[in-house]
Amino acid sequence: MTCVKPTPEELHTGVFSPVTLQAARNAILDDGMVVLEAVADVQHLALIREQMLADVDKVLSRGDTPFNFVKANIQQDPPPFPPFLFKDVLLNDLIIQVTHSILGDGLYNAFYSGNTALAASGQRQPTHFDMGHLWPGLYGPPYCLVVNFPLVDMDAGNGAIELWPGTHKIPFGDWRSADIKIPEAMLEEQRPISKPFQPSVKLGSALIRDIRLWHGGMPNPSPNHRPMIAMIHYAAFFPCGPGPEFPASCKSFFEHPVLETRAHWVEGDIDHTQHNTAFDYAERG
């Protein structure tokens, strides 16, 4: 996996050199993923983490807990209001430079959520893609990139996401597919070609991946929950709904010359712990 570490000057200016940008871009196009190292303030991420961890019990106590495939993994939003909104997380110039280089002008973010791999869990998600290809049976251009920020140092010991390099190029499923799981026969055929792995990603680093890439949430054998937040940058031509809820009073915070934030601007309080629904969970109990 390609890991790109910005220089002090790149961090200061928020601009990658052409060579570094090309390395990150090529990794996403070829492998379907890249890690940008140390691009966000760890104290900002720690503040988000502590609130998400404090929210876990409230999410689990819901009668409709938003499990993702299995009870070991929950869909969980980070708090979408001050003091938990940070430019280096939601509007990170280095990340936007990379996604813009692939998706082009007019790109927008219409997703702000996350998932938590629950502590001491032995279940794994089935391998899946988040969304398939633009046209059935055809490998088309990238149209959505997922930006993940682990909120702790993430590795196999605490349920790091499993990734299948290069599988975003396999034209299986399309963006309207209801069933996003990869058949076992396809997994066995692909395994020797693109061996799956669990990356080690340090707090402060961002994982950017093509939304078509095969992946899966893994067991977290550690005694601590492993939260991770996610945004999705979309190409301008791809239709999407109104996006996440943010306070209307924070609208100016999201102004950016390159990345538009498409959101549902809310007057009044937002209870983010009541967001999301279970996905493909009932059949597994």
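Colleague: Which residues does valine 89 touch, not counting residues up to four places away in sequence?

Modeller: This is a predicted model, in which local features need pLDDT of at least 70, side-chain atom pairs count only at pLDDT 80 or more, and totals for chains, interfaces and linings use all residues. Residues are numbered from 1 along each chain as its sequence is written, and side-chain values use heavy atoms, with hydrogens and water left out. Contact means heavy atoms within 4.5 Å. With residues up to four places away in sequence not counted, valine 89 touches Leu45, Ile48, Tyr112, Phe149, Ile229 and Met231.

Colleague: Why do the buried residues of helix 2 line one face?

Modeller: Helices (H or I, at least four residues) and strands (E, at least two) are DSSP runs, numbered from the N terminus. In helix 2, the buried residues are Thr20, Leu21, Ala24, Ala27 and Ile28. They line one face because, seen down the helix axis, they fall within an arc (that of the directions from the axis to the C-beta atoms) of 125 degrees.

Colleague: Which residues are exposed on the other side of helix 2?

Modeller: The buried residues of helix 2 pack against elements including strand 1 (3–4), helix 1 (8–13) and strand 8 (206–210). On the other side, the exposed residues are Pro18 and Val19.

Colleague: Is asparagine 220 buried or exposed?

Modeller: Asparagine 220 sits in the loop between strand 9 (215–216) and strand 10 (226–234). Beyond its neighbours within four places in sequence, its contacts include Ala117, Ser121, Asn158 and Arg226. Its relative accessibility is 0%, so asparagine 220 counts as buried.

Colleague: With which aspartate side chains does the side chain of lysine 181 make a polar contact?

Modeller: Lysine 181 is in the loop between strand 7 (162–163) and helix 6 (184–190). A polar contact is a pair of N or O atoms within 3.5 Å; within protein, one must be able to donate a hydrogen and the other to accept it, and residues adjacent in sequence count only if both atoms are side-chain atoms. The side chain of lysine 181 makes one at 2.9 Å with aspartate 179 and one at 2.9 Å with aspartate 280.

Key. Buried means under 20% relative accessible area, exposed over 50%, partly exposed in between (1.4 Å probe, protein chains only).
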